[in-house]
Amino acid sequence: MSIAQSTETAAKLRCIACGCTPDSAARDFRCAKCGDLLEFFFFGWTFDPAALKALWLNRKTSRNALDQSGVWRFRELLPHIPEEHAITLREGNTPLYQLPRCARIAGLDMLQAKHQGMNPTASFKDTGMTFAASSARHGGFRWVACASTGNTSASMAAYAARGNMHSLVLIPEGKISWGKLSQALDYGALTCQLRTDFDGCVRILNELVRQKPVYLLNSVNPYRIEGQKTAAIELLEQLGWEPPDHIIVPGGNLGNSSAIGKALLEMRELKLIARLPKLSIIQAQGANPFYRCVREFGGKKLEPMTADTMATAIRIGNPASWKKALRVLQATGGEVEQVTEVEIAAAKAEIGADGVGCEPASAVTLAGLKKLTKRGFVKPGESVVLILTGHLLKDPDFTIKFHRGEMFAGTPDDEDARRTKPLQRAPVVMEADLGAVIAALDRAERSSSR
Ligand code: F0G
């Protein structure tokens, strides 16, 4: 039950801090010498970029399950895992949408969003999970486990079930949405709700994997990062390999930003793209350790905090991958921003009003973009892609509370939240009467801005 590498692959593990290159990883995926994170690096890559692009495009018409996956389709840029161990739900293949109303609101000519919530379990986690769960199966593990704010656990439980493995989920009690919790239950996970926050769940899990033969599926697992890289590769393919000026992602545990940044750097190295987009990372103000790391400490240190935000997916105070994220932020020339709870709620409704929708954590991207355009970091004519990480239906409570005007009532944000009133669409309760419905329709038409 080791996590050894295949001899066929040109990929090797390397510690991001001390640079040592172990042949296999310990069960906590930490460097045995210095305790920092591991990553895959590739050597001997000699691809003809045009041939690679043609091969990937060609696979889209294949009937082979791996070719139909938006992750495995790009397997030339991933470490080798034998095909018979691959677990796929045909993840990836997510749409790139225009957001015309959001573009106007943000002061841009055009704005696009890659919706990773359109994955099989409705979040971006599936792209990393297909690959890392497959590596667990390849390693012969019976149990996989994660600490989660909800989406990782939903995704892990699904892939474990598909791969005939057991899954153990550690989630903070009361701090995850019903949508995500219900997924883990239906997919058959052993779900432990711990009376702590996400960071507390991570601490327990790290201890657990040292004592039990359980495969860790949090994003410290470098296979997760490799799978999640493909979102950026697929995005660039959708853009005809013409890089946007900016890509904007939410930041929680910072695995996703690290993965997207890694993909961008590798694609440039391979001459699949000619220049790098700037990758910017947005955090909720109440869960902003990375924002503070960059702005207050110049990237020198990350001070863990007790995190609090209604965007529960990114309620994380001690992000594991901050050094990886910092590196890609600096390499691409991106920025960090923080956004308030009211800004998140407004942005979420605005993305919804474009007919797309997303979960609260994803909406920090638009909220952050508005600030980046105001500051002049993003210019009106530039091309921008938001990465929407989770589906609108992941957290219906948040949405209903917002539209009913209940979200900020009696909180210090009440005053500030008044400006979100025009975005609210509370259901109108009325008698089962045609006249009443027609009156509601006429009222709505009079106040319509479209
Ligand atoms: N958006 C959503 C919807 C998420 O679920 C998460 C993280 C993030 C953004 C942040 O991504 O951690 O890679 O920076 N959710 C994790 C989970 C932590 O357990 O589901 P990150």
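Trainee: What makes the space of about 320 Å³ the largest cavity, and not a pocket?

Mentor: On a 1 Å grid over the protein atoms alone, a cavity is a set of points where a 1.4 Å probe fits but cannot get out, whereas a pocket is an open set with protein on both sides within 12 Å along at least five of seven lines. The space of about 320 Å³ is listed as the largest cavity, so by the definition a probe placed in it cannot get out. Its volume is the space filled by probe spheres set on the points, which are joined across faces, edges and corners. This is a predicted model, in which local features need pLDDT of at least 70 and side-chain atom pairs count only at pLDDT 80 or more, while totals for chains, interfaces and linings use all residues. Residues are numbered from 1 along each chain as its sequence is written, and side-chain values use heavy atoms, with hydrogens and water left out.

Trainee: Which residues line the largest cavity, and what makes a residue part of the lining?

Mentor: A lining residue has an atom within 4 Å of a point. The largest cavity has 26 of them, and the closest to its centre are Phe 124, Lys 125, Gly 252, Asn 253 and Ala 313. Two or more residues come from each of α5 (151-162), α8 (222-238) and α9 (255-269), where a helix is a DSSP run of H or I with at least four residues, numbered from the N terminus. The largest share, three residues, belongs to α9.

Trainee: What is the volume of the largest pocket, and which residues are closest to its centre?

Mentor: The largest pocket has a volume of about 560 Å³. Of its 21 lining residues, Arg 101, Ala 353, Pro 422, Leu 423 and Arg 425 are the closest to the centre.

Trainee: Which element gives the largest share of the lining of the second largest pocket?

Mentor: That share, three residues, comes from α14, and the second largest pocket holds about 390 Å³ of space.
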